[in-house]
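Keep the structure open beside the text as you read.

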Amino acid sequence: MQSACFLGSRRIMTFAISGLTPNGCATGLVRYGKQMIKKSQIFDEMIQSDGSITPPYQAYNDWFQAQDAERLQSKSEEAEAFFRRTGITFNVYGQSEAQERLIPFDLVPRILAHREWTRLSKGIEQRVRAINAFIWDIYNRQEILRAGRVPKELIAHNEAFLPQMMGFTPPGNVYTHIVGTDIVRTGEGDFFVLEDNARTPSGVSYMLENRETMLQMFPELFSQIRVQPVSDYPKNLRRSLAACAPQACVGKPTVAVLTPGIHNSAYFEHSFLADQMGAELVEGHDLRVVEGRIAMRTTRGYKVIDVLYRRIDDDFLDPLSFNPDSMLGVPGIMDVYRAGGITIANAPGAGIADDKAIYSYMPDIVEFYTGEKAILRNVETHRCAEPEALKYVLDNLADLVVKEVHGSGGYGMLVGPAASKKEIAAFRKKLEAKPSNYIAQPTLSLSTVPIFVDQGLAPRHVDLRPFVLVSPQGVNITPGGLTRVALTEGSLVVNSSQGGGTKDTWVLED
Amino acid sequence: MLGKTAGGLYWMFRFLERSENTARLLEAGFRMALTRSSDAESEWKSVVTTSGTGIGYDAKYDSYSDTLVMDWLLRDSDNPSSVMSVTKSARDNARLVRTALTTEVWEAVNDNWMSLRDLLAKPVTTVDLPAALAVIRKQSALVRGALYGTMLRNDIYDFARIGTFIERADNTARIIDVKYYTLLPSASAVGSSLDNVQWEMILRSVSAHRCFRWLDEQDMTATAIAEFLIFDKRLPRSLAFCVKQTTENLRYLEQEYETRHPCHDLAEKLGRRLKTLDIDTVFDQGLHEMVTEFIRDNNVLGSQVEKDFRFIG
């Protein structure tokens, strides 16, 4: 389940080789905050290779240098207690004890300059608009296929493609009401999109709670440094969803959040968002079809829902249309949907746009629908289905990351630089047997941001997931997003079940 | 409000109430065993019976002792009514109805669960029991305080209260039922120290031993105690008080929803029945019979509330 596994699944970012100079040999030490660390070619967002502080972090650094390390340590413990008390945890499947875990929070913020963010958000908006146009096109005229810009087979044989959506336009012509675009950085101006999460991306509750925690711990920071607020997200989410109300809606739209239940790994987020939006949090068994609408069982009888923000996968949405064994969904909801009786966010079938094979076509897709060059770059992707690309990948397996096209999480993937000769040989066989099942990407030198450790600061690799809302009124991107950080030195694994943590993400005011 | 949410609230507060009742029952049993003037094994047995978990206990153990009963009632996950089990169930329900709770109530329930999880991670020894029970009582008080202090007085609050008082009525009635023979007038004639210990045990299990002294300074008699527990509307754990509260909160729901349900009739019938009785009639007709009937009617009322407000589909 993609919707459920962002925080709990095995997810490996592309790999970086650190500690090497261009000619490949390790050199001396460099100042990093108050300590000396091994010199590295990796781009650090706070501390440059000569030890100086980058402009966005100047004011924060001034504050940080004046802090007492012990006080910071106790603040860090305070934050953990706060997270436990408020129940900001995620569930781990298959473990009877300690089923709920905390995602470690690091108190050094990740800071983006206003200018950097402006460019990023323009690029994200362009990409998200193109994605919506693409999905509509795929389920209607299929012009991009006819123009030969995206191969037909890629759609026809794709599990994320839902024939039930053909010829149907969702309310407001919005497919991806909520998008979480995963961004990585390798240098000053070098941002890449790693994944377009167009189904039901999670993590936004951490963005909000991380900021809340920082505000509580270090209120003085926010009076000294002007940081763009993120707290409007729930309000904007509600507004954005309500703006997509279906034809049948009378009066003020009723919004509800559909969760698989309290045992889902992201349940905290589901209830958090429902709470913050003032919407009902429902499960499949609370809902049924009543006179052509979807209604929830209340203490006063059945009440109609206009917009359903579902946090379950397409496959589980409607046992009559998809997986017949699903207990999580609502029998008949697809018929109601197609008849204009309810809005489902994100639209079923939207996953066709965030497939790994489609990803490699994203620059073309952006150009096809917007007439502009893509502002944000893709990570260079070799499609093994193409003979030339396959040859290149086979020749360079030890340096590449090879992923299954439709696989989610880190399953069935090869991380060349980290793999043994034996593993590479075994993977080579799999790849040769079914090349079209794979894509390959180069290993990237992901940027680092300092985390707070006993010795002061230490660089760790990060990624970024900004959250994007789409409605007929426009695209709204919350300034910042969720920064995930690999807490283990040198590691590129940012996911929470393998030592990943999160940081508050700041976008500075102009 | 979702029917499921109403059900979650109702059960959350039933479980919270049960946790405190079990702790109190254990405390009374512990004191009783300390006096050595009674048969400890049969006292521990009556504690388990009162908690309503006798069948499960007998399936697991062959004898009754302080260590076994304490573990069964405090921490055993095989016992769905153990303090740890109900604390977890209360929190699971709180997670389910998170959107209906204030931050204060949610944090109190979550904190309750975290504290007891640590407290009850290992078996509690008799030496540590008083301290452990104190923590349980304190945590319950914090949850209740957060509820009273921060929640809107609307349907959410009503369902929480109805769950609390249906559970509490059931608990008090079961205490009377298990110990009814010590409350019969024939027993009071004896006035032995044994009876005094038994009576104190009963009063302690409903936190009423001091209240009783304040109100009834004259001699402690079986009749006076029975009357106190059944009819006294000043005692927050008497049957009459619980029924009055349940009826009141149901009436608020009737007003707010502008709908009258069969459960409203049932609650009022239960109240009227108590009103027509007095302690002498109760003894005439049989204390045991009266209490058994009450337990049954109270359960029927609970099920009717679940049905009328669509807790489950």
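Two strands are said to pair if DSSP finds at least two bridges between them. Helices (H or I, at least four residues) and strands (E, at least two) are themselves DSSP runs, numbered from the N terminus. This is a predicted model, in which local features need pLDDT of at least 70 and side-chain atom pairs count only at pLDDT 80 or more, while totals for chains, interfaces and linings use all residues. Residues are numbered from 1 along each chain as its sequence is written, chains are lettered from A and ligands numbered from 1 in the order in which they are written, and side-chain values use heavy atoms, with hydrogens and water left out.

## Sheets in chain A

Let us begin with an open sheet of three strands. Its order is β10-β11-β12 in chain A, and the pairing is antiparallel. Strands β10 (287-290) and β12 (301-305) of chain A stand at the edges with a single partner strand each, so one side of each is left without a neighbour in the sheet. On average, neighbouring strands here are turned by 45 degrees against each other, direction ignored; the axes behind such angles are lines fitted to C-alpha atoms, for helices over the stretch in contact, and angles run from 0 to 180 degrees between N-to-C directions. Strand β11 (residues 293-298) of chain A pairs with β12(A) in the antiparallel sense over five bridges. A:Ile294 has A:Ile305 of β12(A) as its bridge partner.

Another open sheet of chain A has four strands in the order β16-β19-β17-β18, again with antiparallel pairing. Its edges are β16 (382-383) and β18 (414-415) of chain A, each with a single partner strand, so one side of each is left without a neighbour in the sheet. β16(A) pairs in the antiparallel sense with strand β19 (residues 438-442) of chain A over two bridges, and A:Arg383 stands opposite A:Ile439 in β19(A).

Further along, strand β22 (residues 467-471) of chain A pairs in the antiparallel sense with β23(A) over four bridges. A hairpin of two residues joins β22(A) to β23(A), and A:Ser471 has A:Gly474 of β23(A) as its bridge partner. In a regular strand the side chains alternate between the two faces of the sheet. Strand β23 (residues 474-477) of chain A has A:Val475 and A:Ile477 on its covered face, and A:Gly474 and A:Asn476 on the uncovered one.

How far apart are the end C-alpha atoms of helix α3 (residues 69-86) of chain A? They are 26 Å apart, which agrees with the 26 Å that its 18 residues should span at 1.5 Å a residue; the expected span is 1.5 Å times one less than the number of residues. The buried residues of α3(A) fall within an arc of 95 degrees when seen down the axis, so they line one face of the helix; the arc is that of the directions from the helix axis to the C-beta atoms. They are A:Leu72, A:Lys75, A:Ala79, A:Phe82, A:Phe83 and A:Thr86. Buried means under 20% relative accessible area, exposed over 50%, and partly exposed in between (1.4 Å probe, protein chains only). The face turned away from the buried side carries the exposed residues A:Glu70 and A:Glu77.

The buried residues of α3(A) pack against several elements, including α7 (204-217) of chain A and α6 (103-119) of chain B, where contact means heavy atoms within 4.5 Å. A:Gly87 follows α3(A) and has a positive phi, near 80 degrees.

In chain B, helix α4 (residues 66-74) has B:Val69, B:Met70, B:Trp72, B:Leu73 and B:Leu74 buried. These residues pack against elements of chain B, among them α1 (3-35) and α5 (83-96).

## Backbone spots worth a look

Most residues other than glycine have a negative phi, and most peptide bonds are trans.

The peptide bond from A:Ala345 to A:Asn346 is cis, with omega near -10 degrees. A:Asn346 lies in the loop between β14 (343-345) and α13 (356-359) of chain A.

Is B:Asn154 buried or exposed? At 18% relative accessibility, B:Asn154 counts as buried. B:Asn154 sits in the loop between α7 (129-150) and α8 (155-183) of chain B, and its side chain reaches the backbone nitrogen of B:Ile156 at 3.1 Å.

Terms used: A polar contact is a pair of N or O atoms within 3.5 Å; within protein, one must be able to donate a hydrogen and the other to accept it, and residues adjacent in sequence count only if both atoms are side-chain atoms.
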